[in-house]
Amino acid sequence: MNNKETKTDVILVGAGIMSATLGTLLKELVPEWEITVFEKLPSAGEESSNEWNNAGTGHAALCELNYTVEQPDGSVDISKAIKINEQFQVSMQFWSYLVNRKLINNPHDFIMPLPHMSMVQGEENVTFLKKRFEAMSNNPLFKGMEFSDDPGQLMEWIPLIMQDRRWDEPIAATKIDSGTDVNFGALTRMLFDHLKTKNVDIKYKHSVDNIKRSSDGSWELKVKNLDSGSVESHTSKFVFIGGGGGSLHLLQKSGIPEGKHIGGFPVSGIFMVCNNPDVVAQHHAKVYGKAKVGAPPMSVPHLDTRFIDNKKSLLFGPFAGFSPKFLKNGSMFDLVTSVKPDNLVTMLSAGAKNMSLTKYLIEQVMLSKEKRMEELREFIPDAKSEDWDLVEAGQRVQVIKDTEAGGKGTLQFGTEVITAADGSIAALLGASPGASTAVHVMLEVIQKCFPQHMKEWETKIKDMIPSYSVSLMENPELLHEIHTSTAETLGLSKKELVLS
Ligand SMILES: Cc1cc2nc3c(=O)[nH]c(=O)nc-3n(C[C@H](O)[C@H](O)[C@H](O)COP(=O)(O)OP(=O)(O)OC[C@H]3O[C@@H](n4cnc5c(N)ncnc54)[C@H](O)[C@@H]3O)c2cc1C
């Protein structure tokens with residue numbers, strides 16, 4: 001039954017970090033546009049953006065070894081790390097702008113300074129880490145990075161990891177103090193609180209069930225009010241599908257040709273959490289290791305200090321796993337119902353190509369707590385089972401598509417913005433590097449969907465993000481200025497100021 005019809009300028013589907021960021025950007029650029037948000041859960045930031053569903057790493061490529069690849073000639077390609085670092089600087093500038101204008105407050109409620117470290121064992125890995133360090137530390141984006149294979153120095157940096165360790169293999173680490181721990185759940189909620197003050201209509205417990213194009217080119221959404229059970233009809237000139245794992249189904253319903261031949265591969269995750277204050281006090285860093293052979297890049301093990309609700313804890317993981325759900329609060333039929341005639345071949349090809357990955361993920365789901373403790377003990381040799389609890393992490397849906405390089409059904413590990421040719425609808429698929437680069441990705445949505453406004457909006461965008469359309473790596477003075485001002489505004493480490 002349709003008991004309500006409304007028209008608006010912009011509809012954002014989903015109340016995660018992506019919709020929060022796009023809504024906030026648009027309200028700064030065109031305050032007069034009317035925005036409505038539909039979220040099926042009772043509050044914002046409850047799916048992947050929630051603080052306990054992701055690892056809270058401010059991904060700036062300071063410690064993630066999978067962003068730097070060893071080439072056949074032995075050199076280390078750092079181009080992906082440069083790209084991600086530049087994208088993270090965009091987020092930092094926007095968050096800093098919001099704090100400076102008092103649009104959000106108390107930055108330490110969502111971002112904390114925390115050293116980022118990479119740690120490896122074994123001679124070959126140590127040689128790789130050293131080469132990677134040499135390639136990165138000469139770049140202004142990564143200045144301040146330190147390398148050590150000296151046990152005394154490592155004991156000072158990471159006592160919890162070094163004590164009680166057997167010395168049968170070489171071990172080395174890099175450390176950079178300008179890393180961050182980000183509470184993306186808190187940030188999402190802050191942004192939605194801010195949007196409420198800007199008259200954005202945020203409707204929780206409203207599930208978008210269908211999206212159809214109207215004859216005048218606008219979009220009509222069928223939205224179920226989960227309290228009353230009634231179905232409402234809402235029309236908008238522009239729709240952003242920011243449903244996280246739920247985006248693929250809605251993109252398919254929109255029927256746009258750009259959404260065809262795309263599938264989704266769900267990867268679930270489990271973390272281990274330690275709240276014992278004696279153990280927590282002995283570690284202060286995010287320490288990323290190397291993914292195990294056969295493991296997907298998103299399951300690189302890391303031991304992180306987390307700051308959630310002013311409390312410090314330790315997080316280890318993620319252990320990847322397989323579940324057919326596309327959202328943590330999703331349905332067991334999500335994977336099956338995402339298979340359509342147009343993506344059937346793509347999905348079957350991906351299935352055939354990724355048998356070993358699927359087997360690996362299913363084996364991971366079956367791991368006992370003690371088996372997971374064994375993996376943790378590669379980081380903390382004397383970790384005690386009673387100090388660690390298992391927590392279910394968020395769900396990721398990796399994009400599957402046909403590519404020239406990989407052929408039919410190639411699994412992608414990044415984020416993808418899919419837009420209609422006329423820019424009236426956009427969807428965000430994929431998960432990595434995710435929330436950290438939300439501002440860059442949402443600017444990409446704006447550029448693709450509102451090209452006619454870009455000239456008029458450019459001055460305002462530069463006011464919010466001084467490095468917009470500029471390479472910071474090639475402008476070390478601007479980089480220094482931005483590092484200094486964002487560190488001051490967001491209350492980050494003063495050591496960061498050593499950077500330039
Ligand atoms: C285990 C794990 C670790 C991660 N670690 C990091 C990290 O360390 N650093 C980092 O930057 N990123 C990390 N990420 C990625 C990051 O969490 C995501 O990229 C980001 O949160 C995605 O935000 P989103 O707004 O797109 O989706 P979400 O936060 O999932 O929000 C989507 C919202 O849409 C709603 N929704 C879905 N369908 C509908 C519908 N039909 N109608 C109404 N509402 C709907 C959902 O209920 C949900 O609230 C991690 C992710 C996972 C799973």
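The model is predicted, so to speak of local features a pLDDT of at least 70 is needed, side-chain atom pairs count only at pLDDT 80 or more, and totals for chains, interfaces and linings use all residues. Residues are numbered from 1 along each chain as its sequence is written, and side-chain values use heavy atoms, with hydrogens and water left out.

The ligand comes first. Around it sit 38 residues, the closest being Glu-39, Ser-49, Thr-57, Val-208 and Ser-436; a residue belongs to this shell if one of its heavy atoms lies within 4 Å of the ligand. Polar contacts are pairs of N or O atoms within 3.5 Å; within protein, one atom must be able to donate a hydrogen and the other to accept it, and residues adjacent in sequence count only if both atoms are side-chain atoms. Glu-39 puts a polar side-chain atom 2.6 Å from an oxygen atom of the ligand. Gly-56 works through its backbone instead, with an N or O atom 3.3 Å from an ligand oxygen. On the nitrogen side, an N or O atom in the side chain of His-59 is 3.3 Å from a nitrogen atom of the ligand. Taken alone the ligand exposes 1000 Å², and 96% of that is buried by the protein (Shrake-Rupley areas with a 1.4 Å probe; for residues, only the protein chains shown count as cover).

As for secondary structure (DSSP runs numbered from the N terminus, with helices being H or I of at least four residues and strands E of at least two), helix H1 (17–29) and strand E11 (206–213) are the elements that give two or more residues to the ligand shell. E11 has the largest share, three residues. Sorted by class, the shell holds 15 nonpolar, 19 polar and four charged residues. Here Ala, Val, Leu, Ile, Met, Phe, Trp, Tyr, Cys and Pro count as nonpolar, Asp, Glu, Lys and Arg as charged, and the others, Gly among them, as polar.

On a 1 Å grid over the protein atoms alone, a cavity is a set of points where a 1.4 Å probe fits but cannot get out, while a pocket is an open set with protein on both sides within 12 Å along at least five of seven lines; lining residues have an atom within 4 Å of a point. Points are joined across faces, edges and corners, and a volume is the space filled by probe spheres set on them. Two cavities of 30 Å³ or more turn up. Pro-318 is found in E17.

The second largest pocket has a volume of about 390 Å³. It is lined by 20 residues, and Leu-65, Asn-66, Thr-68, Phe-128 and Lys-290 are the closest to its centre. Strand E3 (69–70) and helix H3 (123–137) are the elements that give two or more residues; H3 gives the most, with five. By class, this lining has nine nonpolar, six polar and five charged residues.

Finally, some local details. Residues are called buried under 20% relative accessible area, exposed over 50% and partly exposed in between (1.4 Å probe, protein chains only). Asn-106, in the loop between helix H2 (79–100) and strand E5 (111–113), has a positive phi of about 50° although it is not a glycine, and counts as exposed at 51%. Lys-205 also has a positive phi, near 55°; this residue is in the loop between strand E10 (201–203) and E11 and is partly exposed at 32%. Gln-412, in the loop between strand E20 (407–411) and strand E21 (415–419), is buried at 18%, and a polar atom of its side chain lies 3.5 Å from the backbone oxygen of Thr-410. Helix H7 (residues 247–254) has seven of its eight residues buried, so it is largely enclosed by the rest of the structure. Just after H7, Gly-255 takes a positive phi of about 75°.
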